[in-house]
Amino acid sequence: MKLSSTLSALIMPLLLAACGSVTMAPSGAPSIVVGQNEERECGQGRILFPAGEYKAEVASAEGTYYKAPKRLRTLGVLIGRSEDGGIFVSNAAGHPQAAWFGDPKNEVDESPGTLFGAIGLSAPKLWPYKPRIPYTPKK
């Protein structure tokens with residue numbers, strides 16, 4: 001039982017990868033501001049999101065990738081590291097959110113920088129979490 005829940009936690013991000021092409025966020029795209037440090041459970045790990053301004057990095061038909069002002073901290077299954085990444089805000093109803101890691105510009109540049117990108121899977125991968133992180137749009 002424990003093995004199946006661990007496997008699903010590891011495979012789920014692959015299934016929830018953003019599909020389709022991404023483009024650079026338009027110049028002047030609004031940023032979002034997270035007022036305080038936030039921590040969210042993602043699978044069997046935790047991600048620590050720093051407070052500050054998250055700038056729109058790239059966009060897809062599914063939503064926008066906002067880059068964190070500092071590296072994200074990961075704990076648990078994700079082995080306690082700091083990673084480049086940020087918050088993905090979906091265009092779907094309710095605007096669900098997910099964490100992402102890596103450099104989404106690599107997908108735009110068609111030079112994937114991850115093993116998953118090198119084998120043809122879209123990067124970056126999305127790690128959904130709840131509840132949503134509260135933020136304020138900044139113009």
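Strands, as the term is used here, are DSSP runs of E with at least two residues, numbered from the N terminus. The model is predicted, and in it R40 lies in strand β3, which covers residues 38–42. Since buried means under 20% relative accessible area, R40 counts as buried because its relative accessible area is 9%. Where does the side chain of R40 reach a backbone oxygen at 2.6 Å? That oxygen belongs to P131, while the backbone oxygen of R132 lies 3.2 Å from a polar atom of the R40 side chain. Leaving aside neighbours within four places in sequence, the contacts of R40 include Y129, K130, P131, R132, I133 and P134, and also G45, R46, I47 and F49.

The aromatic rings come next, and the structure holds 3 aromatic pairs. One of them joins Y65 and F88 in a tilted arrangement, with 4.8 Å from centre to centre and 55° between the planes. This pair links distant parts of the chain, given that Y65 sits in strand β6 (residues 63–67) and F88 in strand β9 (residues 85–90), 23 residues apart. Y65 also pairs with W100, here edge-to-face, at 5.8 Å centre to centre and 75° between the planes. Because Y65 lies in strand β6 and W100 in strand β10 (residues 97–101), the pair ties together parts that are 35 residues apart in sequence.

Side chains of opposite charge can pair when their charged atoms come close. A search of the whole structure finds 5 salt bridges, among them the one in which R46 meets E39 at 2.8 Å, N to O. R46 counts as partly exposed because its relative accessibility is 32%, and E39 is likewise partly exposed, at 40%.

Another salt bridge brings K138 and E53 together at 3.1 Å, N to O. The two residues lie in distant parts of the chain, K138 in strand β12 (residues 136–138) and E53 in strand β5 (residues 52–60), 85 residues apart. K138 is partly exposed at 38% relative accessibility, and E53 is partly exposed at 27%.

R71 and D84 also meet in a salt bridge, at 3.4 Å, N to O. R71 lies in the loop between β6 and β7 (72–76) and D84 in the loop between β8 (81–83) and β9, so the pair ties together parts that are 13 residues apart in sequence.

Methods:
Residues numbered from 1 in each chain as written. Predicted model: local features only at pLDDT ≥ 70, side-chain atom pairs only at ≥ 80, totals over all residues. Heavy atoms only, no water. Phe/Tyr/Trp six-rings, centres within 6.5 Å; stacked < 30°, edge-to-face > 60°. Helix = DSSP H or I, 4+ residues; strand = E, 2+ residues; numbered from the N terminus. Buried < 20%, exposed > 50% of the residue type's maximum accessible area, 1.4 Å probe, protein only. Polar contact = N/O pair within 3.5 Å; in protein donor to acceptor, adjacent residues only side chain to side chain. Contact = heavy atoms within 4.5 Å. Salt bridge = Lys/Arg side-chain N within 4 Å of Asp/Glu carboxyl O.
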